[in-house]
Amino acid sequence: MPADDKPLYRRILGRLEAQDIAPLVSLAVLVLFFALATPSGTFLKPSTLVQVFKQGAVLAIVSVGLTYVLLCAEIDLAVGMVALWTACFCGWLFERPFAAGRAGTGEVSAWAVALVIAVPLGTSLLLGLASGVLTVWSRLPSFIISLAMMNIADGMSRWLTKSEKFAVPAILKTIGNRGIELTDRLELPYSALLAAVVFLIGHLVLQHTRFGRYVYMTGGNREAARLAGVRTGWIVVACLAISAVTAGLGGLVNAGRLNSISLDQNADLLLSAVACVVLGGTSLFGGSGGMGRTVVGVLTFSVLKVGLNQVAWINDLARPLLMGLVLLVALVVNGLLSKER
């Protein structure tokens, strides 16, 4: 039978490789395990799905930008601290006299709220552009430049806040904690909707634009891409800038979820986001992966985190150890499958 005459599902299944299927199998195994391990099927209740969406939303937003960076065979170690800086700058601006004032309790206009959100996001873009330009210009590995940028963002956050806690605009609290009530027990969080929009934009740009094709070419074989006329340096700069902006947006949503901004936020955001992207099957060496895989990685990571907290017979002190072991196994399996491709 000619390929075009085959049913759509058979054509899709025919294109799948082992590394495409492995993350889905990992997710299915985790859901099955937690469904059996929790008492009376607690894990399969709608409230669990809401928790997965809420906890995964920030990771999903940050992972979109990080997927671009990994696809072009680079790394951005600064995403956690850029997220922290963006949130801290937002909180600091929000408590200025032109906005809500001290403790964030005063009346604030819509334009002031827009300003205290847009300006910090603009600074995250500048940090990403600086990382990209310095990486290309100095020809140093991006992990060196982004490591320095991570410390710069952390230092700026500490200097600006003086370790104080700041309030956040009400719209960020709404996005982080509320949602659309589908039923009495099921709610679609606004943060998950925002993450879905960011994912959709990231997917469309990656799969349906010339820039997206250049990202894959740059990560797959940079020298060949350069000889083909691709300005690979600008692709690297753009990917690091996208990563910084999504990190900043994730930091704002996370601050809204926590109802305030402090220096102890986003400490594990970098490693969690990298784990999500790699769990989904995107290669650390560039040129292979995509947003669909990152969605599966975020869901797997979030299900693991929420599920472990619901299993009563697991000691609290053992949960981080078990999470690390499960992640290690999944990452090693995905890595082996990637090498066999």
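**Rings and charges**

Modeller: Phe34 and Phe43 are both buried (buried is under 20% relative accessible area, exposed over 50%, partly exposed in between, with a 1.4 Å probe and protein chains only). This is a predicted model, where local features need pLDDT of at least 70, side-chain atom pairs count only at pLDDT 80 or more, and totals for chains, interfaces and linings use all residues. Residues are numbered from 1 along each chain as its sequence is written, and side-chain values use heavy atoms, leaving out hydrogens and water.

Colleague: How do the rings of Phe34 and Phe43 sit, in terms of distance and angle?

Modeller: They form a tilted aromatic pair, 5.5 Å centre to centre with 40° between the planes. For Phe, Tyr and Trp (its six-membered ring), a pair needs centres within 6.5 Å; planes under 30 degrees apart are stacked, over 60 edge-to-face, and the rest tilted. Ring pairs also link Phe33 with Phe34 and Phe43 in a cluster.

Colleague: And what about Tyr68 and Phe211?

Modeller: That pair is stacked, at 6.3 Å between centres and 25° between planes. Tyr68 lies in helix H3 (residues 46-71) and Phe211 in helix H9 (residues 210-220), so the pair ties together parts 143 residues apart in sequence. Helices here are DSSP runs (H or I, at least four residues), numbered from the N terminus.

Colleague: Is Tyr68 buried or exposed?

Modeller: Buried, at 3% relative accessibility. Phe211 is partly exposed at 22%.

Colleague: Switching to charges: how many salt bridges does the structure hold?

Modeller: There are 5, counting a side-chain nitrogen of Lys or Arg within 4 Å of a carboxyl oxygen of Asp or Glu. One of them joins Arg222 and Glu74 at 2.9 Å, N to O. Arg222 is in helix H10 (residues 222-227) and Glu74 in the loop between H3 and helix H4 (79-94), 148 residues apart.

Colleague: Which residue does Arg226 bridge to?

Modeller: Glu223, with the closest N and O atoms 2.6 Å apart. Arg226 and Glu223 are 3 residues apart in helix H10, about one helical turn.

Colleague: Which ring does the charged end of Arg96 sit over?

Modeller: The ring of Trp92, 4.3 Å from its centre. Lys162 has its charged end over the ring of Trp159, 5.1 Å from the centre. The rule there is NZ of Lys or CZ of Arg within 6 Å of the ring centre and within 35 degrees of the ring normal.

Terms used. Helix = DSSP H or I, 4+ residues; strand = E, 2+ residues; numbered from the N terminus.
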